[in-house]
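Please consult the sequence and the three-dimensional view while reading.

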Amino acid sequence: MRRGVRLAVDLGKVRIGVAASDPNGVLASPVETVPRGPGDLDRLAALVREREAVEVLLGLPRSLSGDEGPAAVEVRAFATTLAEHVSPCPVRLVDERMTTSVAARAMRASGVSARRGRQTIDQAAAMVILQDALDAERTQGAPPGEVVTAAS
């Protein structure tokens with residue numbers, strides 16, 4: 001397992017959930033919810049610098065069959081721009097199928113109300129993305145997902 005903090009990003013239409021791992025890459029924890037829009041890329045870049053992240057994992061929405069739709073196209077475009085903002089820190093796209101529903105179910109099970117959950121569901125989804133990626137790397141011995149190249 002590679003050492004270093006990883007950040008995970010769950011990109012939504014209104015909010016961006018962010019989670020981070022510990023330096024040993026064992027456990028994912030919530031960081032914050034960044035409002036989507038002007039300044040969001042700058043805030044994500046600041047988080048990368050503040051936490052000295054070794055990579056950013058961005059959830060790529062796919063259908064259950066593995067196909068990519070309009071949401072995946074949007075995420076891929078965002079990933080390219082994010083890669084420019086956080087360079088030289090690499091950005092990787094990782095499968096995020098079902099992460100929001102898994103996060104919502106876990107929050108309900110722990111007694112978090114739907115109203116309060118709206119404020120933190122994006123962070124929880126980012127935690128699921130990150131924990132899945134950490135577990136996959138530990139199991140497979142290789143970083144998960146695909147590296148995104150910044151546009152030149």
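The lining of the largest pocket comprises five nonpolar, three polar and six charged residues. The model examined here is predicted. The points below set out the pocket in detail and then turn to the protein that surrounds this pocket.

**The largest pocket**

- The volume of the largest pocket is about 220 Å³.
- A total of 14 residues line this pocket, and those nearest its centre are Asp10, Leu11, Gly12, Lys13 and Glu96.
- Three secondary-structure elements, namely β1 (residues 6-11), α2 (70-86) and α4 (114-140), each contribute at least two residues to the lining.
- Helix α2 provides the largest share of the lining, with three residues.

**Secondary structure**

- The protein contains four helices and six strands.
- Read from the N terminus, the order of the elements is β-β-β-α-β-α-β-α-α-β.

**Burial, contacts and surface**

- The protein has 152 residues, and 43% of them count as buried.
- Of the contacts between residues at least 6 apart in sequence, 64% join residues that are at least 24 apart.
- The accessible surface of the protein amounts to about 7,900 Å².
- Carbon and sulfur atoms account for 55% of that accessible surface.

Note on methods
Residues are numbered from 1 along each chain as its sequence is written. This is a predicted model: local features need pLDDT of at least 70, side-chain atom pairs count only at pLDDT 80 or more; totals for chains, interfaces and linings use all residues. Side-chain values use heavy atoms; hydrogens and water are left out. Buried means under 20% relative accessible area, exposed over 50%, partly exposed in between (1.4 Å probe, protein chains only). Contact means heavy atoms within 4.5 Å. Accessible areas come from the Shrake-Rupley method with a 1.4 Å probe; for residues, only the protein chains shown count as cover. On a 1 Å grid over the protein atoms alone, a cavity is a set of points where a 1.4 Å probe fits but cannot get out, and a pocket is an open set with protein on both sides within 12 Å along at least five of seven lines; lining residues have an atom within 4 Å of a point. Grid points are joined across faces, edges and corners, and a volume is the space filled by probe spheres set on the points. Ala, Val, Leu, Ile, Met, Phe, Trp, Tyr, Cys and Pro count as nonpolar, Asp, Glu, Lys and Arg as charged, and the others, Gly among them, as polar.
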